[in-house]
Amino acid sequence: MVDDLGFSDIGCYGSEIETPNLDALASGGMRFSQFYNTAKCHSSRVCLLTGQYCIAAGDAALNHAVTSAEVLAHSGYSTLMTGKWHLQKQPTDFGFQKYFGHLSGACNYFAGDNTFRLNGEPWQVPQEGFYTTTANVDYGLKFLDEARDREQPWYLYVAFNAPHAPLHALPEDYAKYKGKYDEGWDVIRDRRIAKQKQLGVLPESLEPSPRPEHIPAWSELEQWKRDYEANRMTTLAAMIDRVDQEVGRLIADLRKNDELDNTFILFVSDNGACPYDRRPALLDVEPTNANTILGDSTAWAWARNSPFRYYKQNQFEGGISTPAIVHWPAGLKQPVGAIVDQPAHLIDVLPTLADITDSEIPTSWQERELRPVSGISLKPVFNGQQIKSRPPIHLLFASDRGLRDGDWKLVSFQSEQWELYNVANDRCELNNLADSEPERLAMMIATWNEMAKNVLHAPAKAFAEPTETSGPHLHREWTFFDATEPEYYMKKRAKPAAKPRANTKTPLSKIRARKNTQMEVVSNELRLTFTGDDPGIAMDLRGLSLVDGPYRVAFQLKNDAKLTGEAFYTTDAKTNLPNGERIAFDVQSGSDWQDIDIAIKTSTRIHQLRIDVGDGPGKATIANLQLQDADGNTLLSWPIQDPKLN
Ligand SMILES: [Ca+2]
C-alpha cells in the first residue's frame, strides 16, 4: 500500500512518471479500473486489514475485528509488516510476528520520528543514510529471508509512507525529474487522460472533469508560482519513482527465489492525492534533505487524480479511486494484462486472502467483540468471472459521505446536499441527477443511513442532516493561489459562511458539559453527573494558538461504570463536532483512579475536542485533564487556569 498516491500517478494508470516495475506487474497480471479506498489514511488501513468498514471494525482500536495477519498466522503463515501503521497499539499486537516501521501517520523521510519500532521495541533512526521508502524494503527483504529459513509460507504487508507529505526526495531521484514539470498541470493532466484512454484504463468516451474554479490555469500563474509548483511535482514524481524502484527490489528477490509466479501481489493506494497545503512556499530549494520540507499542492492533486473530481478525504471518485494491480501468474485466469471494471473495495482484501489461502475468518476472538466482515472475495474475478451482485459499497469519512450501488453513486461533500450520479456513463460526476431521480435518491439515502446504523454502527454524529450547498465546494486548507507573496501562499481561506450553531455562546477554549451532563468544577477536578445519552465534555480550541499535532490527552478518571470511552476531535475549523475523528479508549469500572492516555495522531492542529466517559446515567470524576504534545509537554490544562482564556 502506498500513501496519498493519485489515480493517475503510475505509468500503467496514465502517468508520465517512470514506474516500469509496477507497469510490468500490471502487464503480467491484471488491473482494476474501479477499485475503491476510503479516501483517508487510517480508515483505509483498517478496511485493508479487517475486511470491515472502519467504524464497524472499532476504528483505530480494531476492537471489533481480526486482522489478516491474525487470520493468516493461524493458517501457518509468517506474518510480516513494514512501514506506516497509523492505528492504535502496534502491528505486533495484531498478529504481525515481525514489524519494522513508524506508528505515526507521517514523518520526515530522512530523519524519521520517535515512533519507529522494530519487532515491538523502540528503534533509533540513523542520523545518516536513511530514507523511509528504502528502509521499508530493506527490512521487508530481511523478514522474507528469515521466513524462508523457517520454511513457512509468508504474508508481507509493506505500507509505504510515500508519496505523502512532507515532500522529500532522494537527490538522484529528484535530479531525474528536475525541469520535467515546467509545462504545468493543464498539459500534464491532458496528457495523462489521453494515456488512460489509450491504455484502456478508462473508456474512450469518458468526459473528464474540467479544471475547477479554485485552481487557476497554469498560463495565468506568475513565474515564482510556476517555479515553486513545478518543484513540488518534481519532488512527488521522484518519490513515486522511488516506490517503483523499491517494488522492483522486492520483485527481483522473489524472482531470485523462484517465488514470483506463485506469490499473490496486490498494489493499492490508501486515498487519492492530497490537496491540503500546509507549508509556506519555499522558493529555490531542493527538498532532498531532512531540513527542507515542501507541502502538497491542490492543483497538482487535481492533475494526479485525473480524470476525476476532488481529493483525499472527499468521497467523490478523485478521493476514493485507487490504482489496483494484481499479479499472480499461478492463480489468475484473467487474460494477461486484463483491465477489469468491476467495482471492488479495500474491505474485499481480507475475504480474498482468506479465500485463496483456504483460511477461516474467525467469528469470535479473545477480548474483542467481532462484527461480520462486509467485503467479498475477489477470487471469482481472478477466475475470469463477473460478480453478479454485491452489497452496496458504503463510503464515509468524517463528514464526507457516499454510496456506490451498481451503476449509481450517491455522494455528499462534507455533508452538504446529496448528489446523485450514474457512474456507468458519468464516472467524473459531472451530471447531478438528484433532481431528476428523486425516488432513486431517496432510496439510496435510506440505504446509506441503514448501513451507517446497522453495518458500521456509526455514532449519531454520522447521521447529521445535510446542510444546504451554497456556492462551490471549498476547503480552507486548499492552496491559496491568489497570494501575492510566498509567505501567504498557504494562507487559510476565509471560512465559508456557516449556519450559526446552537452553542456559539461557549467562551473560547472553555470546557463545557455536553447535553445530559452536569459538571461541577472543584479544584482541578471535573465532577460529572450523567442523566441520559451522549454524556461527556467538549472543548473549543479554535481561538487559541496551538502547535501542530500529534498530541496526547491525559487525565485521571474515576468512573462507576465499565464502558468504552470515546474521544472526538476536528482537524479543520470548518468541521463542527459531532463530526470529526473518533478514538475509542478502554475504561475500567471500580473506585480507583485510572490513568487515561489518548494518542491523537494528527500532523495538523486540532480545533475541537470532545471526551465521552460515560454511558449515562451515572457519575464520573476527571482530574488533571491535559492536552500534551507528543513528548508529554503540557500545552493546555483544564479547568483553564489563565483567566484571559476564559
Ligand atoms: Ca493516505
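Student: What should I know about the model before I start?

Tutor: Residues are numbered from 1 along each chain as its sequence is written. The model is predicted, and local features need pLDDT of at least 70, side-chain atom pairs count only at pLDDT 80 or more, and totals for chains, interfaces and linings use all residues.

Student: Which domains does the assignment give?

Tutor: Domain bounds come from an automatic or database domain assignment. Here that assignment gives domain 1 (11–388) and domain 2 (511–645). Their centres, taken over C-alpha atoms, are separated by 34 Å.

Student: How many residues of domain 1 are in contact with domain 2?

Tutor: Two residues are in contact if their C-beta atoms, placed from the backbone, lie within 7 Å. Ten residues of domain 1 are in contact with seven residues of domain 2. The side of domain 1 that touches domain 2 has three nonpolar, five polar and two charged residues. In that division, Ala, Val, Leu, Ile, Met, Phe, Trp, Tyr, Cys and Pro count as nonpolar, Asp, Glu, Lys and Arg as charged, and the others, Gly among them, as polar.

Student: How many residues are in the largest nonpolar core?

Tutor: In soluble globular proteins, nonpolar side chains tend to be buried together. A residue is buried if 20 or more other C-beta atoms lie within 10 Å of its own, exposed if 12 or fewer, and partly exposed in between, with C-beta atoms placed from the backbone. A nonpolar core is a set of buried Ala, Val, Leu, Ile, Met, Phe, Trp, Tyr and Cys residues joined through C-beta atoms within 7 Å. The largest one here has 137 residues, and Leu-22, Met-239, Ile-240 and Leu-350 have the most contacts inside it. Helix H7 (residues 223–256) gives the largest share of this core, ten residues. Another core, of 27 residues, lies apart from it and includes Met-539, Ile-611, Val-613 and Trp-638.

Student: How are helices labelled, and how do I read their packing?

Tutor: Helices (H or I, at least four residues) and strands (E, at least two) are DSSP runs, numbered from the N terminus. Two packed helices are described by the angle between their axes and the distance between the axes. Axes are lines fitted to C-alpha atoms, for helices over the stretch in contact, and angles run from 0 to 180 degrees between N-to-C directions. Angles under 35 degrees count as roughly parallel, over 145 as roughly antiparallel, 65 to 115 as roughly perpendicular and the rest as oblique.

Helix H4 (residues 132–149) and H7 pack at about 10 degrees, with axes 9 Å apart, and H4 and H7 are therefore roughly parallel to each other. Their contact has five nonpolar, three polar and four charged residues.

Student: At what angle do H1 and H7 cross?

Tutor: The axes of helix H1 (residues 20–27) and H7 cross at roughly 55 degrees and come within 7 Å, which makes H1 oblique to H7. Pro-20, Asn-21 and Leu-22 of H1 meet Asp-244, Val-247, Gly-248 and Ile-251 of H7.

Student: Is Lys-98 buried or exposed?

Tutor: Lys-98 is buried because 23 other C-beta atoms lie within 10 Å. Lys-98 lies in strand E3 (residues 98–102). Leaving aside neighbours within four places in sequence, Lys-98 is in contact with Leu-80, Asn-119 and Phe-143.

Student: How many residues of H2 are buried?

Tutor: In helix H2 (residues 41–50), ten of its ten residues are buried. They pack against helix H3 (68–74), helix H10 (349–356) and strand E11 (393–397). Just after H2, Gly-51 takes a positive phi of about 75 degrees.
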